[in-house]
Amino acid sequence: MTPERFGVWSPHRDSNSVRAFKAALSLRPEPWQWHEDMKRASWWIIDGTQTTLDSLTSDLQAQKKNGVIHTVVLAPSWNHIEDPVWVFFKVPLNIKLVYGWIDRCLLQRLPPSPLARQHLRLRRWPNLTRYSASGAPADSMHLTLACSRLLENWASYEEVVAIAKNTLLIDRMLADARQDGILDTSATAPALNPGTPETKTPEKTNAWSLVKRLLSKFA
């Protein structure tokens, strides 16, 4: 059985630490689904204070033949870790560290964006409050800078990703913008609209500078 990309399993669903981890997942945008069968899950969440990892490590090695498995042990100290195959998070959880790890795991399995090698432009500002809870303050500022660039003129998808830095967050925003009908796309770089000067107006230049100054506070 191939593990589901957002399938989650834990033998300790009643554990306070596992409940805290579950609550953290629920605040993210991904469609997480908890399963009773470990074979359906590609994310294993273990309370290290309630078990030894010997048998679970054997199960893990067997299940890895069917797909990538991300493994977490929640415990007060490293003493509960018996094999480096497990990722350790100290409890109480540092949510920023947990989210950073999840983002890195997801990026390793990220399918190519349908917008890759496309040129993009926003018609108006998207609702950025949708994304403030799923990233760090610096992520929000980079996202704001990427949106400013798309409002200013056409930009390639790759340029926008480089500005936003958080690929998962910018892809989610772009998908929402496309669904909302405020994102224009083109396979080739469109020319400037007739009568549009190539130089930035003072208003655009000042807005661009303001966003960059705000961003520098989080760099």
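Guide: Rings of Phe, Tyr and Trp (its six-membered ring) pair if their centres lie within 6.5 Å; planes under 30 degrees apart count as stacked, over 60 as edge-to-face and the rest as tilted. By this rule the count here comes to five aromatic pairs. This is a predicted model, in which local features need pLDDT of at least 70 and side-chain atom pairs count only at pLDDT 80 or more, while totals for chains, interfaces and linings use all residues. Residues are numbered from 1 along each chain as its sequence is written, and side-chain values use heavy atoms, with hydrogens and water left out.

Visitor: How are the rings of Trp-32 and Trp-43 arranged?

Guide: Their centres are 5.1 Å apart and their planes stand at 85°, so the pair is edge-to-face. Trp-32 is in the loop between helix 1 (16–26) and strand 2, and Trp-43 is in strand 3, eleven residues apart; the pair thus links distant parts of the chain. Helices (H or I, at least four residues) and strands (E, at least two) are DSSP runs, numbered from the N terminus.

Visitor: In what order do the strands of the sheet lie?

Guide: Strands of a sheet pair through backbone hydrogen bonds, either parallel or antiparallel. Two strands pair if DSSP finds at least two bridges between them. Here five strands form an open sheet in the order 2-1-3-4-5, with parallel pairing. Strand 2 (33–34) and strand 5 (87–90) are the edge strands, each pairing on one side only. Strand 1 (residues 4–9) pairs with strand 2 over two bridges, and Gly-7 has Gln-33 of strand 2 as its bridge partner. Three bridges join strand 1 to strand 3, where Trp-43 is the bridge partner of Val-8.

Visitor: How do helix 5 and helix 6 pack?

Guide: Two packed helices are described by the angle between their axes and the distance between the axes. Axes are lines fitted to C-alpha atoms, for helices over the stretch in contact, and angles run from 0 to 180 degrees between N-to-C directions. Helix 5 (residues 157–164) and helix 6 (residues 167–180) pack at about 125°, with their axes 8 Å apart. Contact (heavy atoms within 4.5 Å) is made by Tyr-157, Val-160, Val-161 and Ala-164 of helix 5 and by Thr-167, Ile-170, Asp-171 and Leu-174 of helix 6.
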